[in-house]
Amino acid sequence: MKMANSNVTKRVLANSLKELVQEIPLEKITIADICASSGMNRKSFYYHFRDKYDLLKYIFQSEFMQHHPFDTPSRGESFYQLCQYLYENRDVYRHIFRPHQHNYFLLYFQETIKQAVTHDLMELQENTNNDFYVYFMTDGLTGAIQRWITHYNPMAPEEMLSKTRFLLEQIGLRISKEK
């Protein structure tokens, strides 16, 4: 029964942060704000989370990563599901993904994308462990996703995926023709 209570507490705190971030800039939200909004005390918060960024990581992991890990055979489907999830929750993520001085969630998100990119590049070129390729693709995809979801009226996830595929294919074709 304790585990169920723990999950309920985490969800209540998560929902409070998701509501707050739509009204208050993320960097200005305090643990006290989250606790007041959720009706929880600081002790409960710190029992489960180190800080608000740890809570953001929990939200993303429990709502998306737990159900759609990037280690599936179809990375295109995973990318689409990621875009769909972010689009459905755009009122929250448009605020979370705005540039902040110390937004540790963005670092976590970028690391998640990096792991998927690394896996894909390993499949494409055996024994390739070139940081340049990994970071180039990671930074490009993370930046594109961040810019897309923070737009006041982001395109539909299907269009985002289609444009991303087209661009990657065109770059690949152009580079292979220039060799």
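This report describes the fold, the core and selected residues of a predicted model.

Local features need pLDDT of at least 70 and side-chain atom pairs count only at pLDDT 80 or more, while totals for chains, interfaces and linings use all residues. Residues are numbered from 1 along each chain as its sequence is written, and side-chain values use heavy atoms, with hydrogens and water left out.

**Overall fold**

The chain has nine helices and zero strands. Helices (H or I, at least four residues) and strands (E, at least two) are DSSP runs, numbered from the N terminus. In order, the elements read α-α-α-α-α-α-α-α-α. Of the 179 residues, 39% count as buried. Buried means under 20% relative accessible area, exposed over 50%, and partly exposed in between (1.4 Å probe, protein chains only). The chain exposes about 11,100 Å², and carbon and sulfur atoms supply 53% of it. Areas come from the Shrake-Rupley method with a 1.4 Å probe; for residues, only the protein chains shown count as cover. Of the contacts (heavy atoms within 4.5 Å) between residues at least 6 apart in sequence, 63% join residues at least 24 apart.

**The core**

The largest nonpolar core holds 43 residues. Such a core is a set of buried Ala, Val, Leu, Ile, Met, Phe, Trp, Tyr and Cys residues joined through side-chain atoms within 4.5 Å. Leu55, Phe60, Leu86, Tyr93, Phe97 and Phe105 have the most contacts inside it. Elements giving two or more residues to this core include helix 1 (2-20), helix 5 (75-88) and helix 9 (157-178). Helix 4 supplies the largest share, eight residues. In soluble globular proteins, nonpolar side chains tend to be buried together.

Phe97 touches Leu86, Phe105, Leu106, Phe109, Ile145, Gln146, Ile149 and Thr150, not counting residues up to four places away in sequence.

**Helix faces**

Helix 8 has 20 residues and spans 28 Å from first C-alpha to last, close to the 28 Å expected at 1.5 Å a residue. The expected span is 1.5 Å times one less than the number of residues. Val134, Thr138, Leu141, Thr142, Ile145, Trp148 and Ile149 are buried in helix 8. They cover an arc of only 135° around the axis, so they sit on the same side of helix 8. The arc is that of the directions from the helix axis to the C-beta atoms. On the other side, Phe132, Phe136 and Arg147 are exposed.

In helix 2, the buried residues are Ile31, Ile34, Cys35 and Ser38. They fall within an arc of 95° and therefore line one face of helix 2. Just after helix 2, Gly39 takes a positive phi of about 80°.

**Selected residues**

| Residue | Relative accessibility | Contacts beyond four places in sequence |
|---|---|---|
| Lys18 | 15% | Arg11, Ile59, Glu63, Asn89, Val92 |
| Thr9 | 14% | Met40, Ser44, His48 |

The side chain of Lys18 makes a polar contact with the side chain of Glu63 (2.6 Å). A polar contact is a pair of N or O atoms within 3.5 Å; within protein, one must be able to donate a hydrogen and the other to accept it, and residues adjacent in sequence count only if both atoms are side-chain atoms.

Tyr152 lies in the loop between helix 8 and helix 9. Tyr152 is exposed, with a relative accessible area of 70%. The C-alpha atoms of Tyr152 and Asp91 are 9.6 Å apart, across 61 residues of chain.
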